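Please read the report below alongside the sequence and the coordinates.

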Amino acid sequence: MKFRLCSMAVVVAASTFAASGAAVAAHDTNPSDKVGNYAYDLTAVQASSVPNAAAEGSTRITSLPNGKVRVQVDAWGLAPGLPHAMHLHGVDGPATDMACPGPAADSDGDGFVSVPEGAPFYGGILASLTTTGDTTAASALALDRFAVADADGHLEYSRTFRNDSALANADTVQVVVHGIDVNGSGGYDLAGAGEAPLVPGSGIPFEATMPVLCGGVAN
Ligand SMILES: [Cu+2]
């Protein structure tokens, strides 16, 4: 299934956030201002009542002395055989620890945490974790350039890239993985959960945009 490229960034500029302040940084090493290495667990965003949304994983973000950033994601329980949009979310600028949404973020009560409902927690898109090419928010839903989970729902991603926003905020980003095959159809379709509330009228299935995993500083 193919979707036109579309920027999630239009609605994820929210600068307010509901949960912060109690964050305990989990930096495993931080040898200098220039080189940082941050590892986190990725935990499920959706309620356990959402079908096919139980996933887990880990991520590592490394800012390198050459000005590039390496992001690694290892995740299980994802929709098999489907691409998963992944981003570094956060606030560009002075260090701002955001957070990961949980089921309680479902403010409209439709049973799903959507991107607009998650954004107040994890911020806007600082980088799109594509496998090739552009890594800006313009590639937010470039599903033909995101990593694909294998037949067992396992996804491995590692890319080293230059993205100044990702580098500058490497110590405060949240890694968010999207895409849930709610109805188990084997694809992202409107029959699963309707259209993405993010972009009404776009025809983009909600399933393709649903956050499934999140991890970062404020966890
Ligand atoms: Cu995202």
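## Packing around helix 1

The buried residues of helix 1 pack against strand 5, strand 6 (124–128), strand 8, helix 4 (206–209) and strand 9, where helices (H or I, at least four residues) and strands (E, at least two) are DSSP runs numbered from the N terminus. This is a predicted model, in which local features need pLDDT of at least 70 and side-chain atom pairs count only at pLDDT 80 or more, while totals for chains, interfaces and linings use all residues. Residues are numbered from 1 along each chain as its sequence is written, and side-chain values use heavy atoms, with hydrogens and water left out.

Helix 1 (residues 115–122) is mostly covered, since six of its eight residues are buried, a term that stands for under 20% relative accessible area, with exposed meaning over 50% and partly exposed in between (1.4 Å probe, protein chains only). The buried residues of helix 1 are V115, E117, G118, A119, F121 and Y122. Just after helix 1, G123 takes a positive phi of about 85 degrees.

The structure holds one aromatic pair, a term that applies to rings of Phe, Tyr and Trp (its six-membered ring) whose centres lie within 6.5 Å, with planes under 30 degrees apart counting as stacked, over 60 as edge-to-face and the rest as tilted. The ring centres of F112 and F206 are 5.6 Å apart and their planes stand at 75 degrees, so the pair is edge-to-face. The pair links distant parts of the chain, with F112 in the loop between strand 5 and helix 1 and F206 in helix 4, 94 residues apart. Both F112 and F206 are buried.

## Strand 9 and its partners

All six of the six residues of strand 9 (residues 211–216) are buried, so strand 9 is largely enclosed by the rest of the structure. Strand 9 pairs in the antiparallel sense with strand 2 (residues 36–44) over two bridges, and strand 8 and strand 9 also pair in the antiparallel sense, over five bridges; two strands pair if DSSP finds at least two bridges between them. L213 of strand 9 is the bridge partner of A44, and V177 stands opposite L213 as well.

## The copper site

The copper ion is coordinated by H87 (ND1), H89 (NE2) and H178 (NE2), at 2.0 Å, where donors are N, O and S atoms within 2.8 Å of the metal (3.2 Å for Na, K and Ca); water is not among the atoms, so sites may look incomplete. Along the chain, the donors follow the spacing H-x1-H-x88-H. H87 lies in strand 5 (residues 86–90) and H178 in strand 8 (residues 174–178), so the pair ties together parts that are 91 residues apart in sequence. H87 is buried, at a relative accessible area of 0%, and H178 is likewise buried, at 0%.

Strand 8 also holds Q174, a buried residue with a relative accessible area of 0%. The side chain of Q174 reaches the backbone oxygen of T172 at 3.5 Å.

N163 is buried, with a relative accessible area of 9%, and S165, which lies in helix 2, counts as buried at 15% relative accessibility.

Leaving aside neighbours within four places in sequence, N163 is in contact (heavy atoms within 4.5 Å) with V69, L126, A127, T135 and T136. With residues up to four places away not counted, R162 touches N66, G67, K68 and T135, whereas S165 touches D92 and L126.

| Side chain | Partner | Distance |
|---|---|---|
| N163 | T135 side chain | 3.1 Å |

The C-alpha atoms of N163 and T135, 28 residues apart along the chain, are separated by 7.1 Å. R162 and R70 are 92 residues apart in sequence and 8.8 Å apart in space, C-alpha to C-alpha.

## Confidence

The protein averages a pLDDT of 86, and 84% of the residues score at least 70, pLDDT being the predictor's confidence in each residue, from 0 to 100. Over residues 1–28 the pLDDT is below 50, and this stretch has 63 contacts in the model beyond near neighbours in sequence.

Methods:
Polar contact = N/O pair within 3.5 Å; in protein donor to acceptor, adjacent residues only side chain to side chain.
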